[in-house]
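Dear colleague,

Here is the structure you will be taking over. My notes on it follow below.

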Amino acid sequence: ADEKVLLVPGSNLVSLSGEPADSDINVVVTLTEVSSVITYESATGTWKTATRDSSGNLSGSLSSFDGQHAYWVSTSTFEPIEVEIPQQGLSAVPASIDVVTGWNLVAVTNSSGSGADVNGNATGIQLGADAYFGSTAWVTAYTWDTKAELWVKKLPSTFAQLTVGKGYWLYVSEDGFLIP
């Protein structure tokens, strides 16, 4: 079954639990109610965007959707993004995510191969923040709660939990690699 990335009307900060079978943005995001998708390239400090054009496709500087980036998805519907995420084989090596000193917009993936949706999409898989961000010199992380319209802060050494399928602004004090 395809993974379901939950959305609510407004701006959603999301990620995929792994690499999609097809990374083309118009294959991953088929909902016409999604008006734009935005991500941030930390290494270059640039924003990549795709907006719905007159032909109904998402177009712009962002043309693909992967399991390493987090994305701002603007929508007018509660319908989820449904995408095929192939399970990793035994010999697959999880991809690392480059992080640079300062703010990074990162995905929360799941190397066990389980999708982001759990309990009929009521909750997501929870991972310990210290374990997930542990390969970095992380200082703080934030995710956006679209329903409550507020930032949710995570700090090291507080037993904080991250949700697979959410996106996070991660602040690190030195360049490195996030190794899920």
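Leaving aside its neighbours within four places in sequence, which residues is I81 in contact with? They are E3, K4, V5, L7, V28, V29, L31 and V73, where contact means heavy atoms within 4.5 Å.

Residues are numbered from 1 along each chain as its sequence is written, and side-chain values use heavy atoms, with hydrogens and water left out.

Confidence

The average pLDDT (the predictor's confidence in each residue, from 0 to 100) is 90 for the protein, and 88% of the residues score at least 70. Over residues 117-122 pLDDT stays under 50, and the model has 8 contacts beyond four places in sequence for them. Where pLDDT is low, the predicted coordinates should not be read in detail.

Cores

I81 belongs to the largest nonpolar core, which has 19 residues. A nonpolar core here is a set of buried Ala, Val, Leu, Ile, Met, Phe, Trp, Tyr and Cys residues joined through side-chain atoms within 4.5 Å. Buried means under 20% relative accessible area, exposed over 50%, and partly exposed in between (1.4 Å probe, protein chains only). I25, V29, V37, F65, V73 and I81 touch the most other members. Two or more residues each come from α1 (25-28), β3 (34-41), β6 (71-75) and β7 (81-83). Helices (H or I, at least four residues) and strands (E, at least two) are DSSP runs, numbered from the N terminus. Another core, of 17 residues, lies apart from this one and includes V108, A160, L170 and L178.

The five-stranded sheet

An open sheet of 5 strands runs in the order β2-β6-β3-β4-β5, with antiparallel pairing. Two strands count as paired if DSSP finds at least two bridges between them. β2 (10-14) and β5 (58-60) are at the edges with a single partner strand each, so one side of each has no neighbour in the sheet. From one strand to the next the twist averages 25°, with axes taken as lines fitted to C-alpha atoms (for helices over the stretch in contact) and angles running from 0 to 180 degrees between N-to-C directions. β4 (residues 46-52) pairs with β5 over 3 bridges, and A50 has G60 in β5 as its bridge partner.

The four-stranded sheet

An open sheet of 4 strands has the order β9-β16-β13-β14, again with antiparallel pairing. β9 (102-107) and β14 are its edge strands, each pairing on one side only. Its neighbouring strands are turned by 30° against each other on average, direction ignored.

β13 (residues 138-145) pairs with β16 (residues 167-172) over 4 bridges. In that pairing T140 stands opposite Y171, and A141 opposite L170. β13 is also joined to β14 by 5 bridges, with Y142 opposite K153. These two strands form a hairpin with 4 residues between them, and E149 in the turn has a positive phi of about 55°.

W151

W151 is found in β14 (residues 150-154). Beyond four places in sequence, W151 is in contact with L13, W72, Y142, T143, W144 and W169. W151 and A141 lie 10 residues apart in sequence and 9.8 Å apart in space, C-alpha to C-alpha.

Regards

Technical notes. This is a predicted model: local features need pLDDT of at least 70, side-chain atom pairs count only at pLDDT 80 or more; totals for chains, interfaces and linings use all residues.
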